[in-house]
Amino acid sequence: MDIVFIKQLAVDTVIGVYAWEKTIQQRLFFDLELCTDIRAAANADDIRQTLDYAVVCERVTALVQSGPVELIETLAERIAAMLLADFVTTQVMVQVDKPGAVAAATTVGVRIVRSRH
Ligand SMILES: Nc1nc2c(c(=O)[nH]1)N=C([C@H](O)[C@@H](O)CO)CN2
């Protein structure tokens with residue numbers, strides 16, 4: 001299967017478990033992979049026949065900024081569910097990086113893979 005991917009999409013939002021985190025914006029980064037068949041789009045050279053990664057970025061950014069949550073796991077699951085429901089894809093990978101969370105680490109985060117049932 002082919003993959004449309006997005007690396008290190010930056011989104012500022014209110015995210016975190018602790019009280020001090022609920023009053024500030026923090027930057028998260030998203031890596032996304034959407035499994036799809038790109039051959040029809042390639043043959044026709046037609047954006048309408050593939051996943052538009054710019055639209056995916058807009059949708060993910062809007063979802064992340066739609067309201068505060070505590071866990072990056074919550075965002076990963078919501079993003080995966082939205083991508084599977086609204087785009088022509090059979091399986092998605094969603095990685096959420098929160099690089100400011102642990103000073104001694106370059107980054108921390110979660111990565112999930114979800115498929116259409
Ligand atoms: N598995 C997770 N662990 C932690 C999370 C999280 O979202 N998932 N969040 C925090 C705090 O919000 C932390 O980022 C504050 O620095 C701690 N652990």
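V14 is found in the loop between strand 1 (2-13) and strand 2 (26-36), helices (H or I, at least four residues) and strands (E, at least two) being DSSP runs numbered from the N terminus. The model is predicted, so that local features need pLDDT of at least 70 and side-chain atom pairs count only at pLDDT 80 or more, while totals for chains, interfaces and linings use all residues. Residues are numbered from 1 along each chain as its sequence is written, and side-chain values use heavy atoms, without hydrogens and water. V14 has a relative accessibility of 22% and counts as partly exposed; buried means under 20% relative accessible area, exposed over 50%, and partly exposed in between (1.4 Å probe, protein chains only). A distance of 13 Å separates the C-alpha atoms of V14 and F29, which are 15 residues apart along the chain.

Seven salt bridges are found in the whole structure, each defined as a side-chain nitrogen of Lys or Arg within 4 Å of a carboxyl oxygen of Asp or Glu. One of them joins the side chains of R27 and D12 (2.7 Å, N to O). Because R27 lies in strand 2 and D12 in strand 1, this pair ties together parts that are 15 residues apart in sequence. R27 is partly exposed at 45% relative accessible area, and D12 is partly exposed at 28%.

A salt bridge is also formed by K98 and E21, whose closest N and O atoms are 2.9 Å apart. K98 lies in the loop between strand 3 (91-97) and strand 4 (109-115) and E21 in the loop between strand 1 and strand 2, so the pair ties together parts that are 77 residues apart in sequence. Both K98 and E21 are buried.

K22 and E70 likewise meet through their side chains in a salt bridge (2.9 Å, N to O). This pair links the loop between strand 1 and strand 2, where K22 lies, with the loop between helix 2 and helix 3, which holds E70, 48 residues apart. K22 is partly exposed, at 41% relative accessible area, as is E70, at 44%.

The loop between helix 2 (53-64) and helix 3 (72-86) also holds L71. With a relative accessibility of 40%, L71 counts as partly exposed.
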